[in-house]
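Subject: A structure to look through

Hello,

I am passing a structure on to you, and I hope you enjoy looking through it. Please open it beside this message and follow along.

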Amino acid sequence: MTGIKDILFGAKNGMFASRSALQIVSTNIENAQTEGYTRQTPLLSPLSPSQVGVLFEGAKRERFFFLEKRMHAELQTLKSFEAQKEKISQVESLLSDSEGAGLLNAIDAFLNAYEELATNPENSSLRQNVVLKAQSMIARFKELANSIVKIREDIDKQISENITEVNNILNEIAGLNKKIAELSAAKENVNTLKDKRDLLIRKLSEFINIDTFEQDNGMINVYIREGGQVLVDKDRAFSLKVEADPQNPSNPIDGTGKLLQKIKYIDGRGHIWDITPFIIGGTIGGNLKTRDETLVSVLTKINLLAQQIIKVVGERHAKGVGVAHFQSLTSEYSASDPFTPINSAGLPYTASPGSLSIAIYDENGNLISTFTIFYDPNVDGIANIANFINSDPGNLGYINAQITTDKKLKIEANSGFTFDIYNDTGGLSVSLGLDTLLVGKNVFDFDVAQEFKENPLRVASSSDPSAPFHNDIANLIAALREEKINGAETIFDIYTRIQSEIGVNLSFINIEFSAKELAVRTLEEQIQQRSGVSLDEEFVRVIEFQRAFEASARIVRITDELLLTILGLVGG
Amino acid sequence: MRVPTKFLFDTRQDAIVKNQANVFDLQKRISSGLQIIRPSDNPSQYSLARTIQVRISKISRDLADSSQVSGILQAKEEALSKLSDILAKAKLNAERGIDANSTEELLSLASSVDELFMAAVEIANTSINGRYLFGGTKVVPNSRFFRKPYEDREIIKQENWVAQKGVDPSQTFGNIFNIKEGKFKLEVYDDTGNTVLSKEIKYFDSDRISDLANRINSEGLGLVLASVSPDGKLQLLSSTPGFKFSVMEDSMGIFADFGGDGIPEYHGNDESFSVEIKNEMVEIGTPGKEIFGDPSKGINGILPTLKNLSDILKQKKEGNLQELLRSAVIDIEKAYEMLNSLRAKVGENISFTQKSQDFLEFVKVQNTITKSQIEEIDMASASVDLTLRESVLQASMIVAVRAFEMTLLRFL
């Protein structure tokens, strides 16, 4: 049978439980805006049947563990798309031509300059204009390529900073794991620590693709989701580092000589593993994807376009003559060996068997002789070419060809003569970089050949050395506007395809980003609905527990009155 | 459904930010006037707009070219029209010559023909913007090497020739002509027309006119006697009766400065100069020798025809005068036919160019409209859309304020 003492004891427990519960509610209210805070609900339970009252057992974190895991996965994808979106938008802006100052307009202006020259080949300022427009086009090409490299460098820098943050987070998680295990063993409240750790895991998910596994002692292990490498094992954190990998230069055409940064994992025995292919999520994953796929792809295509322009313009230019000729002409590219066949001598462009004509002019510019040499680039080295020129019966001591110390072909006219190269049928000039208006092994060293900068009157417009003011070569180059240079596309088609591909890619990423953003928001809403603090709800609870406390206090007063009554009876 | 306070704040904030972004995006498009700014806005339409942009650029270039070509062709047509008049007058002179009663009358007609000849030479050398209309791909000279299509009258099969202009006998060719070296071909023919001497003779910057005469005397093996008058005029004389001589292919054209005789040597070339318009090649520079003639190649044309008529009227030609003149009239009619044929071709090109210009203007406008439709924003619908987006933004702000006000805190 319950005695008055039991009632008092029960009331005391009730007051204690209400006060503890109010403390929990108060914590909830105070942390209503705290990032990562999980709403706690007081755990109250009746005392055993033999006892009167309520027991405050502690505070329960209101969490959806399953939803949070899904949230981490979605967040990793979202952050990956976000990083890609940011960087690819920059590339898109570089490629954009809407303002009329982009590469497309520069190529257009270059071909227009040739067309203008074709209409007025006698106007020497138009040859200067061709050189200027070529330089302008090249400047746009280089600006574009260098900006892409700059974005790549920015990404590498950002990855490096992110990896430092990741390592800090991993260390913090390991530290929290340790504290949580210790305090849990001592039956202490570890909810705040767990909130902090959950927040760190969430932050980690924003950087890389991870998975987690909670152990019985409350510790959480963290893994790379795709590769399975352990990042946090109980209270031990493993570190990642960023390192340029000399064994694996992924992008040899960037022109900077810098190697791409790789992400390395250091295991428990100090072994270093390249885990770059496994990092596919989060900001780091998105940046890696942009760097290794999108940027490499765009840069490769821009580079290829530059090379195609150098080749097709060069091939056509080398078929013609200018109105000013050469006293001396040195090839742009060095052969690996003068006697190695041209197509195997490490030159940037290959040639086909063909012939090349040389026109000789006297000091008054009168055409006095022409002769033609025949070559097979699969057999002849540049030394053979020099020999063909020197020994041709048509070369009556007019010019002399030699190999320079840096293994280039140099042709020099003897005193009183000048010369011009024309009617190259196999692309030898392009292969060597000889009398081609445009030169360059790739987009980074793309340039107008020095001899045309020095004297733009050397720009060819005519295939006839006796009629240098003819326009057939200028027409041929201007016609590139509508010719399919790779068999299927014009120069403009190629460039608009590059623009379009980036546009489609970014458009897809934008859609995916929006979808993931919605998914994350929906999950966030679901999680918040359970874990978030509602001030209204908490105020109701305040009233609820305040009233419960008042009720318990009243029971104490009533019991006191009961006791006084009984004492009065006894005392008489 | 529980609505936690932070969630309420966050969602309202998100809604406001998103609506602000929507308004900003549309404002940006309205201020730029473009609905497609970047490739990702609409990749296929962006690509199409760029293709059209390149097409418009090409059309603009073609329009500029066709405008220039049109001007040149008009000038060419005018030149050919004048030639037509020259031939008509020459024919009239020839016909009058048939009926002429005196040598004086014939010489008067010859003088008139000579004037027509000079006018024809001038037309043959017409240039527009540095390009000769009848020089093939030849352009206005910028050195002695590049000479007019019709100058340097050759001394063709003469027995006696005196320079019309003299040069200072004390000055070197370097000073007079600003040349270093040149050469010409001296040919001598016997009385049956066979070539008995063909010699390339060089001259240099250090030479004076007397040095040239000495060189001709020594290289000409005495067949041609060269002398210089006190006023610096070169004179050439065949030493053998019946023998004739020619001076041709003068590389630096000094004989042109002396003032030659005969039909001008053609210095143009055989390639026609054409400009591409609307993927068609329109001829501007016509090789002149087909119409004006090239005596060194034995090609008859307007100039040899006129020269022949002049010689007939001057009675330099042997044979019946009337017959010769009738033959000359036939030659003039043939030249006239050639001229008409060329005029028809030029007329066709003028017509093509003008039609091309009209067509290109039309296509340019159409392309510009299409590009505009693809790229540019529809201001009316954009303005309505902006109003809507602004209203939604305002609504989201009002909802946020109301939601924040509805808290139990106010009632406790």
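Predicted model: local features only at pLDDT ≥ 70, side-chain atom pairs only at ≥ 80, totals over all residues.

**The sheets**

Strands β10, β14 and β13 of chain A make an open sheet in the order β10-β14-β13, and the pairing is antiparallel. Its edges are β10 (328-330) and β13 (399-403) of chain A; each has a single partner strand, so one side of each is left without a neighbour in the sheet. From one strand to the next, the twist averages 15 degrees. If you want a place to start, look at β10(A) and β14 (residues 409-413) of chain A, which pair over 3 bridges. There you will find L329(A) with I411(A) in β14(A) as its bridge partner. Helix α7 (residues 382-391) of chain A lies across β13 and β14 of chain A, and runs at about 165 degrees to β13(A).

Chain B has an open sheet of 3 strands too, in the order β5-β9-β8, with antiparallel pairing. Here β5 (160-162) and β8 (224-228) of chain B are the edge strands, each pairing on one side only. The twist in this sheet averages 10 degrees from one strand to the next. Strand β8(B) is joined to β9 (residues 234-238) of chain B by 5 bridges, and the two run antiparallel. Within that pair, S238(B) in β9(B) stands opposite V224(B). Helix α5 (residues 209-219) of chain B packs on the sheet and touches β8 and β9 of chain B, with its direction at about 165 degrees to that of β8(B).

**Two hairpins in a row**

Back in chain A, strands β4 (residues 220-224) and β5 (residues 230-233) pair in the antiparallel sense over 2 bridges. Y223(A) stands opposite V230(A) in β5(A). These two strands form a hairpin with 5 residues between them, and G228(A) in the turn has a positive phi of about 80 degrees. Strand β5(A) is also joined to β6 (residues 236-237) of chain A, by 2 bridges and in the antiparallel sense. D233(A) has R236(A) in β6(A) as its bridge partner. The hairpin of β5(A) and β6(A) has 2 residues between the strands, and K234(A) takes a positive phi near 55 degrees.

**Salt bridges**

How many salt bridges does a search of the whole structure find over all chains? The count is 57. Here are a few to look at:

- E489(A) and R497(A) meet through their side chains at 2.5 Å, N to O. E489(A) counts as buried at 15% relative accessibility, while R497(A) is partly exposed at 29%.
- E412(A) and K410(A) form a salt bridge with their closest N and O atoms 3.8 Å apart. E412(A) is partly exposed, with a relative accessible area of 30%, and K410(A) is partly exposed at 23%.
- K58(B) and D62(B) form a salt bridge, with the closest N and O atoms 3.1 Å apart. They are 4 residues apart in helix α2 (residues 43-98) of chain B, which means that about one helical turn separates them. K58(B) is buried at 7% relative accessibility, and D62(B) is buried at 3%. Salt bridges that share partners join D108(A), E115(A), R481(A), K58(B), D62(B) and E276(B) into one network.

**Contacts between the chains**

N475(A) is in helix α10 (residues 472-478) of chain A and counts as buried, at 14% relative accessibility. Apart from its neighbours within four places in sequence, N475(A) is in contact with A118(A), S274(B), E276(B) and M281(B).

R521(A) sits in helix α11 (residues 491-531) of chain A and is partly exposed, with a relative accessible area of 25%. With neighbours within four places in sequence left aside, R521(A) is in contact with D14(B) and K18(B). R521(A) and L75(A) are 446 residues apart in sequence, yet 9.8 Å apart in space, C-alpha to C-alpha.

**A patch on the surface**

Last, I558(A), L562(A), I566(A), L569(A) and V570(A) form a nonpolar surface patch with about 490 Å² of accessible area together. One of them, L569(A), lies in helix α12 (residues 535-571) of chain A and counts as exposed at 67% relative accessibility.

Notes:
Residues numbered from 1 in each chain as written. Chains lettered and ligands numbered in written order. Heavy atoms only, no water. Patch = residues over 30% accessible without salt bridge, like charges linked within 9 Å, V, L, I, M, F, W, Y side chains within 5 Å. Areas by Shrake-Rupley, 256 points an atom, 1.4 Å probe, with all protein chains shown as cover. Salt bridge = Lys/Arg side-chain N within 4 Å of Asp/Glu carboxyl O. Buried < 20%, exposed > 50% of the residue type's maximum accessible area, 1.4 Å probe, protein only. Contact = heavy atoms within 4.5 Å. Pairing = 2+ DSSP bridges. Axes fitted to C-alpha atoms, helices over the stretch in contact; angles between N-to-C directions.
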